[in-house]
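Hi there,

Here is the structure I promised to pass along. Have a look at it first, and then read on for what turned up.

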Amino acid sequence: MKNKNIEHLLKNNKFCALAIDQGTSLKNLIKNKKKNFLTEDYFNFKKYIISNLSDYVSSILFDYDTYINDTIYKNLETQKIIAYEDDAYNIENLEKITKLPTKNFDHLLNNFGALKFFMYYNPDSNRFINEKKKLLIIKVSEICKNYNLPFLFEPLLYFDDSLGYNIEEFYKRKPQHVSYFYKEFSKLKYSIDIIKIEFPFNEFEVKGFDNDDSYNRYSFKDCEKLLKDTFMDFSTPFVFLSAGMNFNNFYKSLSLAKSSGINFLGFLCGRSIWYDAIDIFANSNQEMFINWIKNEGKNRITKLISVI
């Protein structure tokens, strides 16, 4: 892989990025655990994560509100990626079409090294709806071209209950859906530089992962085959998202990707790294929280990097 448009986002030729762009979802998690919650608690949680872990990653994925909350981020040496969308909770429920930012911050885009945009997508959904989504993705790619920014696109698989099949069938179809994502959004018409993509299996389906063994649909060998079938025809650089996986399961998933021999660029990970710190932040003192970040948080990043 040699794409000079994204080399500045890499560390030792690998993409090892920290996601801290969660908005309402993270705010509610902290609010539900912390007594006398203040909005500033939400921003402080992010600030401590960023300031203590930025040296160990190749880039950091920001949301706009966090970026403008503190001037220290402007001069951060680590590459910054901006999430170019409204809050994930502010999405039309039926069509699941991502809303573009309601706050105009295009004048700040030159402060970032790349732009990330996500879209809930199910290949089986109504064709008219999916075509509307594709047009919006292309519109965002034009914005990236205008600002000479790499386009990091994240298709997010979702259960469309209008399709008539049950959740079990949905799980079974995940490998073919993820395969569709990679093939479709590698097409030149989207001008996507990096695809941020899910693994073609769920963590609760894999024997040997941290789960309750109720499914055991896939062995490690099965997972390696799924990864090869999905990604061996390499065309567009791609990174794996953690999707809130248990940290050990995300690490094992990356290990399987490595042992499968596919040419993946790295990872973009948020909750798998810092989710366990929310309880400490909400219920312990600041010193314990910072110690967790500096030790466990750093160790998790180091471990993930070591496997890619």
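Which helix gives the largest share of the lining of the second largest pocket? That is helix 5 (residues 167–172), with three residues. Please keep in mind that this is a predicted model.

The second largest pocket has a volume of about 340 Å³. Its lining has 17 residues, and nearest its centre lie K174, E198, N202, F204 and A243. By type, the lining of this second largest pocket holds twelve nonpolar, two polar and three charged residues.

K174 also belongs to helix 6, where it is buried along with P175, H177, V178, S179, F181, Y182 and E184. Because eight of the eleven residues of helix 6 (residues 174–184) are buried, this helix is largely enclosed by the rest of the structure.

Now to the largest pocket, which contains about 1,000 Å³ of space. It is lined by 40 residues, with D21, Q22, G23, S25 and A88 closest to its centre. Helix 1 contributes the most to this lining, namely five residues. Among the other elements that supply at least two residues each are helix 2 (39–53), strand 4 (114–121) and strand 5 (151–157). The lining of the largest pocket is made up of 19 nonpolar, eight polar and 13 charged residues.

E85 lies in the loop between strand 3 (79–83) and strand 4, 31 residues from K116. Another salt bridge joins E154 and K196, at 3.2 Å between the closest N and O atoms, and both of these residues are buried. Through shared partners, salt bridges join D21, E85, K116, E154 and K196 into one network. The whole structure has 23 salt bridges.

Lastly, the nonpolar packing. The largest nonpolar core has 85 residues, of which F45, L115, F201, F240 and L254 touch the most other members. Helix 11 (residues 286–307) gives the most to this core, with seven residues. A second, separate core of 15 residues includes I6, L9, F15 and L61.

Note on methods
Residues are numbered from 1 along each chain as its sequence is written. This is a predicted model: local features need pLDDT of at least 70, side-chain atom pairs count only at pLDDT 80 or more; totals for chains, interfaces and linings use all residues. Side-chain values use heavy atoms; hydrogens and water are left out. On a 1 Å grid over the protein atoms alone, a cavity is a set of points where a 1.4 Å probe fits but cannot get out, and a pocket is an open set with protein on both sides within 12 Å along at least five of seven lines; lining residues have an atom within 4 Å of a point. Grid points are joined across faces, edges and corners, and a volume is the space filled by probe spheres set on the points. Helices (H or I, at least four residues) and strands (E, at least two) are DSSP runs, numbered from the N terminus. Ala, Val, Leu, Ile, Met, Phe, Trp, Tyr, Cys and Pro count as nonpolar, Asp, Glu, Lys and Arg as charged, and the others, Gly among them, as polar. Buried means under 20% relative accessible area, exposed over 50%, partly exposed in between (1.4 Å probe, protein chains only). A nonpolar core is a set of buried Ala, Val, Leu, Ile, Met, Phe, Trp, Tyr and Cys residues joined through side-chain atoms within 4.5 Å. A salt bridge is a side-chain nitrogen of Lys or Arg within 4 Å of a carboxyl oxygen of Asp or Glu.
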